[in-house]
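This briefing goes with the sequence and structure shown below. Please read the points beside the model.

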Amino acid sequence: MSGGRRPGASLRSGRSGLSQEAFESLLAQLGPDRDRAGEHYESIRRRLVRLFEWRGCEFPEELADETFNRVARRLAEGLTIQSQDPYSFFCGVAHLLHKEVLRERAREREAQESGDWPPYSPPEGEEPEDRRLGCIRFCLGQLPADQRQLILDYHQGEDRIRSRQRLSLTLGLPLNALRIRVHRVRRQLGDCLALCLEQARRG
Amino acid sequence: MSETSDYLELRLYLLGQQPEEEADRLERRLLLDEDLFELAEAAEAELLDECVRGELAPALCEPLTRRLAASPGGRVRLTRARSLAVAVAATPAAPAMTDRPAPVPVLPFRRPGLLSRPAVRVAIAAGLAGLIVFAWQVERTLQPRAPQTIAQAAPPDVLRGTTPAPAPALPISPQNPPSTPPQPAAPAAPALPPVRAEKPRSRRAPAAAVLVLQVAMTTRGDEEESPNVLHIVSPDQPIEIQLTLEEGEPYSSYEVSIGREEDGQAVWTRSGLTPASGSRLKIRPPARDLADGSYLVTLKGVTPEGASEAVGYPRFQVVRP
């Protein structure tokens with residue numbers, strides 16, 4: 001895992017490894033309405049990807065898919081999820097998968113007697129810093145004035161703990177709600193940044 | 001679990017400092033609870049920001065950034081955090097929101113009068129509709145172009161590697177981003193929600209300044225760590241101070257007195273107040289009564305039997321530009 005090898009070798013990944021029947025069993029488990037079940041699927045997948053990222057996994061998307069595959073296969077084999085919520089079951093499978101990844105990583109480490117993590121090297125095509133900065137300034141300028149001000153207020157200031165407390169009082173928002181609001185603006189900024197860089201790349 | 005402990009727990013989890021069992025438990029909650037998950041994303045962004053700015057010890061940052069650097073998505077977020085921190089640091093500080101009147105709806109200071117009559121309302125609505133149609137037609141004649149969206153907008157010229165055609169007053173560069181939105185780009189791009197263009201603000205009465213004060217646990221001798229600041233921009237600005245009460249207070253009404261801290265002189269008092277909604281008592285002292293300085297609010301509850309009891313003594317400061 002850590003050595004850069006994709007988990008596909010020993011941990012099969014991707015929805016392509018699933019039969020249609022297994023996939024349908026999975027969707028049925030997520031809800032009676034197929035569209036809603038599809039939304040649940042995407043929502044769980046997004047969170048699983050992030051959990052694997054937070055665990056330091058190199059190929060989180062593939063591990064999330066592998067989690068679904070395993071759950072789906074078990075369901076197709078006739079397993080009934082006893083738990084009131086299927087999410088816990090997904091989480092349990094994801095944990096087992098992560099443990100497998102760790103074991104695999106340990107084996108690789110022993111074999112290679114090398115460091116735990118590959119040295120970080122910028123991925124190919126990473127944007128030059130000035131272009132990225134230009135884009136982020138451009139995107140800040142594209143935000144509605146109140147959102148731009150919120151981002152700047154939130155990140156500027158010497159004593160940020162106090163200034164954020166004041167900001168939360170001024171806006172009449174609990175701190176966590178303020179954090180989430182700022183995060184949503186950041187996400188919007190991130191979407192704009194990606195688009196801006198893409199357009200800059202195309203020239 | 002309280003919101004503070006959730007947030008702290010998430011930070012520990014992201015920093016890899018939680019015991020495995022607790023991390024497992026938290027991950028289950030993260031899968032179940034969309035709000036908690038979003039808070040975790042926010043916590044991650046804040047940790048990265050703190051790492052980029054050197055506000056968090058490298059020993060704490062290193063495991064987090066190393067874990068994130070392992071995946072493509074994590075690398076993107078790391079890079080974005082760095083860029084955002086640099087861009088924000090390079091942006092001149094504007095007057096903070098806390099220094100400006102809060103954008104809240106205009107408060108109902110007036111009692112219903114002429115406007116409460118249906119015939120008057122209909123007449124005003126018809127007049128406004130006519131005005132809007134007229135304004136729309138004028139605007140359509142003068143400005144036929146549709147408002148630009150991020151999806152339509154191109155990055156600054158410098159990012160496209162081209163020289164800006166007409167010589168601008170300032171050379172466009174990452175240090176001097178263009179002040180006008182770029183022209184629509186030719187290639188199709190994934191759609192983003194349209195972003196409203198900034199409109200010049202018309203001159204009008206200042207919006208109400210709202211200050212929320214926590215009453216619970218405040219005593220007369222408290223020295224608050226974080227002063228509550230009320231920014232007043234003009235003497236006729238509507239002021240609203242919201243006193244947050246404990247749930248289930250046994251009082252039928254409240255008395256509020258605002259006094260200057262320097263000499264104890266009361267500048268505003270009211271009695272017979274009841275919380276308008278939830279557990280917030282809203283008071284609206286006139287801005288002209290509140291000069292710059294520190295104030296002590298004395299809040300007393302009146303029991304159904306008529307006895308008066310001290311409830312709390314929150315403080316605040318008034319600051320004018």
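Among contacts in chain A between residues at least 6 apart in sequence, what percentage join residues at least 24 apart? The figure is 67%. The model is a predicted one.

**Chain A overall**
- Chain A has eight helices and zero strands.
- Its pattern along the sequence accordingly reads α-α-α-α-α-α-α-α.
- Chain A consists of 203 residues, and 40% of them count as buried.

- The crossing of H2(A) past H2(B) is right-handed.
- On the H2(A) side the residues that meet the partner helix are A:Ile44, A:Arg47 and A:Leu51.
- On the H2(B) side they are B:Glu27, B:Leu30 and B:Leu31.
- An α-helix has 3.6 residues a turn, so residues three or four places apart point the same way.

**Helix H3 of chain B**
- Helix H3 of chain B runs over residues 34-52, which makes 19 residues.
- At 1.5 Å a residue H3(B) should span 27 Å, and the distance of 27 Å between its end C-alpha atoms agrees with that.
- Buried residues in H3(B) include B:Leu39, B:Ala40, B:Leu47, B:Leu48 and B:Cys51.
- Just after H3(B), B:Gly54 has a positive phi of about 75°.

**A three-strand sheet in chain B**
- Three strands of chain B make an open sheet with the order S1-S3-S6 and mixed pairing.
- S1 (209-214) and S6 (280-283) are the edge strands, each with a single partner strand, so one side of each has no neighbour in the sheet.
- From one strand to the next, the twist averages 20°.
- S1(B) and S3(B) run parallel and are joined by six bridges.
- B:Val210 stands opposite B:Glu240 in S3(B).
- S3(B), residues 239-244, pairs with S6(B) in the antiparallel sense over four bridges.
- Opposite B:Leu243 stands B:Leu281 in S6(B).
- B:Gln242 has B:Lys282 in S6(B) as its bridge partner.
- Strands of a sheet pair through backbone hydrogen bonds, either parallel or antiparallel.

**B:Asp292**
- Where is B:Asp292 found? B:Asp292 is in the loop between S6 and strand S7 (293-302) of chain B.
- Is B:Asp292 buried or exposed? A residue is exposed if 12 or fewer other C-beta atoms lie within 10 Å of its own; B:Asp292 has 9, so B:Asp292 is exposed.
- Leaving aside neighbours within four places in sequence, B:Asp292 is in contact with B:Val318, B:Val319 and B:Arg320.
- B:Pro321 is 29 residues from B:Asp292 in sequence, and their C-alpha atoms are 9.9 Å apart in space.

Note on methods. Residues numbered from 1 in each chain as written. Chains lettered and ligands numbered in written order. Predicted model: local features only at pLDDT ≥ 70, side-chain atom pairs only at ≥ 80, totals over all residues. Helix = DSSP H or I, 4+ residues; strand = E, 2+ residues; numbered from the N terminus. Expected span 1.5 Å × (residues − 1). Buried ≥ 20, exposed ≤ 12 C-beta atoms within 10 Å, placed from the backbone. Pairing = 2+ DSSP bridges. Axes fitted to C-alpha atoms, helices over the stretch in contact; angles between N-to-C directions. Left-handed = near helix turned anticlockwise from the far one by under 90°. Contact = placed C-beta atoms within 7 Å.
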